[in-house]
Amino acid sequence: MTDSLTYEPGQSQQAWVFKAGAWGRAEDPVFNQSGEDEVTKLIKAVGYRQWTGAGTLYATPLILTVWSRSAEPSFLFDLEGADGSEWFYAATLPDALTLLNQLAPTLQALTVTDQIGRAEPRTMSVLADVLDKVHDRRRDKNGRLIGD
């Protein structure tokens, strides 16, 4: 969650931080550095390492990358959409797990919707198998639903 704020030279940049179930603003540990233009190098320079993510295996409309380090804020979230990224932080592991729990349904729905939209005739049977599994359905040899 970034805001379209303008910062004066010498003013510290603020970022959203999720801590103990509430959002607040704090000094951004990554973007208040100077001397480097590449974002990944900035992130690594303050001790973050890539921890987990979602959306990179398939072409999805939203990609999540989570970085971690021992100092607070311990987790950096990067939500990358079609037109840019939104960055925010979680103070601790419980905070990060809360955010992941909140983001999971959205990421899953976008991924499934995107895959359905991209399905081609040769992949429709795989999609049908996935939907059958999700809905606990079985089919006979001829493709007809069994039971119910």
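Is Trp23 buried, partly exposed or exposed, and at what relative accessibility? At 34% relative accessibility, Trp23 counts as partly exposed, where buried means under 20% relative accessible area, exposed over 50% and partly exposed in between (1.4 Å probe, protein chains only). The model is predicted: local features need pLDDT of at least 70 and side-chain atom pairs count only at pLDDT 80 or more, while totals for chains, interfaces and linings use all residues. Residues are numbered from 1 along each chain as its sequence is written, and side-chain values use heavy atoms, with hydrogens and water left out.

The aromatic residues come next. The structure holds seven aromatic pairs; rings of Phe, Tyr and Trp (its six-membered ring) pair if their centres lie within 6.5 Å, and planes under 30 degrees apart count as stacked, over 60 as edge-to-face and the rest as tilted. Trp23 and Phe88 form an edge-to-face pair, because their ring centres are 5.8 Å apart and their planes stand at 75°. This pair links distant parts of the chain, with Trp23 in strand 2 (residues 22–27) and Phe88 in strand 6 (residues 84–90), 65 residues apart. Strands (E, at least two residues) and helices (H or I, at least four) are DSSP runs, numbered from the N terminus. Phe88 has a relative accessible area of 5% and is therefore buried.

Phe31 and Trp87 also form an edge-to-face pair, at 5.6 Å centre to centre and 75° between the planes. Here too distant parts of the chain are linked: Phe31 lies in the loop between strand 2 and helix 1 (39–45), Trp87 lies in strand 6, and the two are 56 residues apart. Phe31 is partly exposed at 25%, whereas Trp87 is buried at 15% relative accessibility.

Trp23 and Phe88 belong to one aromatic cluster with Trp16, Phe18 and Phe77. The charged end of Arg25 sits over the ring of Trp16, 5.0 Å from its centre; the criterion is that NZ of Lys or CZ of Arg is within 6 Å of the ring centre and within 35 degrees of the ring normal.

Ser68 belongs to strand 4 (residues 63–68) and is buried, at 5% relative accessibility. Leaving aside residues up to four places away in sequence, Ser68 touches Gly47, Tyr48, Arg49, Trp51, Ser74 and Phe75, contact meaning heavy atoms within 4.5 Å.

Glu72 and Pro73 are joined by a cis peptide bond with omega about -5°, and Pro73 is in the loop between strand 4 and strand 5 (75–81). Ala20, a residue other than glycine, has a positive phi near 55° and is exposed at 72% relative accessibility.
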